[in-house]
Structures are given as structure tokens and as C-alpha cells.
Amino acid sequence: MAGELSPIDKAKFVAAKRASQYVEDGMRVGLGTGSTAAWLVRCLGEMVRDDGLRIKGVPTSSRTAMLARDVGIEVISLDEAKWLDLTIDGADEFDGDLNLIKGGGGALLQEKIVATASDQMIVIADIGKEVESLGAFPLPIEVIPFGWQTTQALVEETLISMDVLGRTSTLRMNGDVPFVTDEGNHILDLHLNRIGNPRQLALVINQMPGVVENGLFIDICDAVVIGYGDGRVEVRDINEGTSSTERLDFVETDNLFSDLSD
Ligand SMILES: O=C(CO)[C@H](O)[C@H](O)COP(=O)(O)O
């Protein structure tokens with residue numbers, strides 16, 4: 001069964017599987033969104049089912065909430081949890097300082113709130129997500145629907161004057177209609193020129209009326225678990241300044257591969 005996985009899915013799976021080892025009995029865990037995070041949720045579901053792991057999961061999207069319940073994880077709200085031991089989530093890009101671009105799945109707002117309310121945030125990603133400097137992946141920003149075109153014009157005008165915005169920004173679509181987030185907002189994807197200072201850019205964007213949040217995660221991530229297509233997995237911890245690589249065994253987890261749906 002493992003042989004049927006594409007190298008990229010194998011990479012995502014091994015990253016998620018390795019990161020599941022950070023989850024301990026009794027923890028309140030933030031559950032990310034996206035295809036890599038979906039592997040994580042499935043791995044945790046298996047640990048709940050087979051090993052009796054007791055955790056409470058705080059999902060970062062309605063999609064993840066549904067999957068978590070499906071695999072038997074107890075789901076609670078962030079307000080019920082109040083604070084989390086750990087959040088594990090995917091990313092669209094990460095750099096050497098473990099700053100991130102997130103929001104490719106449109107869940108950046110809940111993802112940032114949940115990650116920020118956690119003792120520790122671990123990113124799980126395939127090696128293709130590593131970049132020298134952030135910005136090749138379009139930066140998602142969540143905007144309220146009221147006056148979104150005015151917000152877009154303001155964002156473009158400001159960022160072009162800062163030489164940050166490259167071509168333009170685009171409203172994310174879901175078929176013929178604008179994409180709507182779990183909070184009922186829209187997403188603008190910013191096609192960036194170069195980000196000299198991601199921290200400053202994040203602050204500037206968030207000051208604009210109509211912007212709810214941006215997909216730059218600065219100083220939030222503590223460690224990244226990187227999966228490779230050949231089954232290797234690398235753990236980099238920014239606080240410890242450590243890095244280690246190992247290889248995971250697929251055989252025990254074959255049943256997880258049968259019904260992946262994210
Ligand atoms: O930020 C996200 C969703 O809003 C995801 O974590 C990000 O898009 C990565 O997704 P995937 O694991 O499918 O590559």
C-alpha cells in the first residue's frame with residue numbers, strides 16, 4: 001500500500017507520523033488544516049483507537065473538525081481549551097528562521113489564533129516547502145467581504161509603493177464565486193515581489209481597514225518536521241538549535257493510506 005503513495009504524499013505522511021510522537025496523553029492539541037495536517041489527524045486517530053491515547057483536539061477549520069471527529073478524536077473549542085500544549089500544522093513555505101507563509105487552504109485566521117495560543121507550534125511539511133526567503137508562494141490575507149475591492153485597492157497601493165507587491169493581488173475563487181472562509185470572509189492572494197522584512201510587512205498589512213489577518217507567521221513556529229519522498233524525516237528545532245534525520249517504517253501504518261480524503 002505504501003508503494004502507491006506519490007513521493008510528495010509519502011513525504012507529507014512521514015512528517016505527520018513523526019510529529020505525532022510529540023503528542024502525549026492528556027494533551028490539548030491544536031489540529032492544523034491541509035493535506036499534511038490531515039495525515040496528522042489520521043495518525044492521531046489511530047493512536048486514540050489503538051493505543052488508548054486520550055487527547056482533546058482543537059481544530060483550525062470546519063474541514064479538520066469533521067475529519068478529527070471521523071477518526072475518533074474528541075473535539076473541543078479553543079475557548080473550552082483556553083490554552084493548548086501543542087499545535088501541529090502544515091505550511092506553504094518556511095524559511096531558515098522557521099517563519100512561515102500559511103493560508104493556502106484558506107484557514108489562516110483560525111490557524112494563527114490556535115498556534116499563538118499554544119505552548120509549542122510544530123510545522124509538518126514536505127521538503128518542497130523550504131525556501132531561502134519567503135514570498136514565492138502568494139501571501140494570503142483574509143479580508144471582510146464589506147468593501148473588499150476598496151481594501152484590495154488600498155493593499156495594492158500601499159504594497160506597490162513599498163516595492164513589496166509584484167504583479168497584483170487576486171481574489172481567491174471557489175469555482176465562479178469568491179472563496180468564503182469559516183468566518184465568512186474572503187481571501188486576497190498577494191503576488192509578492194520580494195519581502196525584505198516579513199515582520200514589518202505583516203504589521204503593515206494588518207493595519208489596513210478591512211484586513212482581518214495575514215498568512216505570515218513570524219516567531220510562532222518552534223520546530224519543523226520535514227518529510228522527504230524517500231521516507232526520511234528531519235526534525236529541526238529552532239529553540240534547541242538542533243537538527244536530526246531518521247527513516248520511518250511504513251508497514252505498521254498501511255491502513256491509514258486507504259481512505260485519505262483531504
Ligand atoms: O495553511 C494551510 C491551510 O490554510 C496549510 O497548512 C498549507 O496550505 C499547507 O497545506 P498542505 O499541507 O496541503 O500542503
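Mentor: In helix α5, the buried residues are Leu108, Leu109, Gln110, Glu111, Lys112, Val114 and Ala115. That is seven of the nine residues of α5, so the helix is mostly covered, where a residue is buried if 20 or more other C-beta atoms lie within 10 Å of its own. Keep in mind that this is a predicted model.

The domain assignment gives domain 1 as 2–130 + 219–257 and domain 2 as 139–212. Taken over C-alpha atoms, the centres of domain 1 and domain 2 are separated by 27 Å. Domain 1 puts 11 residues into the contact, and domain 2 puts in 11 residues. On the side of domain 1 that touches domain 2, helix α5, residues 108–116, gives the most, with three residues. Sorted by class, that side of domain 1 has four nonpolar and seven polar residues, and no charged ones.

Strands β5, β6 and β14 form an open sheet, in the order β5-β6-β14, with antiparallel pairing. Its edge strands are β5 (93–94) and β14 (216–217), each of which pairs on one side only. Between β5 and β6, the latter being residues 100–101, there are two bridges in the antiparallel sense. Glu93 has Ile101 of β6 as its bridge partner.

The loop between β5 and β6 holds Leu98. As a rule, most residues other than glycine have a negative phi. Leu98 counts as buried because it has 22 C-beta neighbours inside 10 Å, and the cut-off for buried is 20 or more.

Asp163 is not a glycine either, and its phi is about 60°. Asp163 sits in the loop between α6 (148–161) and β9 (165–171). Is Asp163 buried or exposed? It has 10 C-beta neighbours inside 10 Å, and the cut-off for exposed is 12 or fewer, so Asp163 counts as exposed.

Terms used: Residues are numbered from 1 along each chain as its sequence is written. This is a predicted model: local features need pLDDT of at least 70, side-chain atom pairs count only at pLDDT 80 or more; totals for chains, interfaces and linings use all residues. Two strands pair if DSSP finds at least two bridges between them. Helices (H or I, at least four residues) and strands (E, at least two) are DSSP runs, numbered from the N terminus. Domain bounds come from an automatic or database domain assignment. Two residues are in contact if their C-beta atoms, placed from the backbone, lie within 7 Å. Ala, Val, Leu, Ile, Met, Phe, Trp, Tyr, Cys and Pro count as nonpolar, Asp, Glu, Lys and Arg as charged, and the others, Gly among them, as polar.
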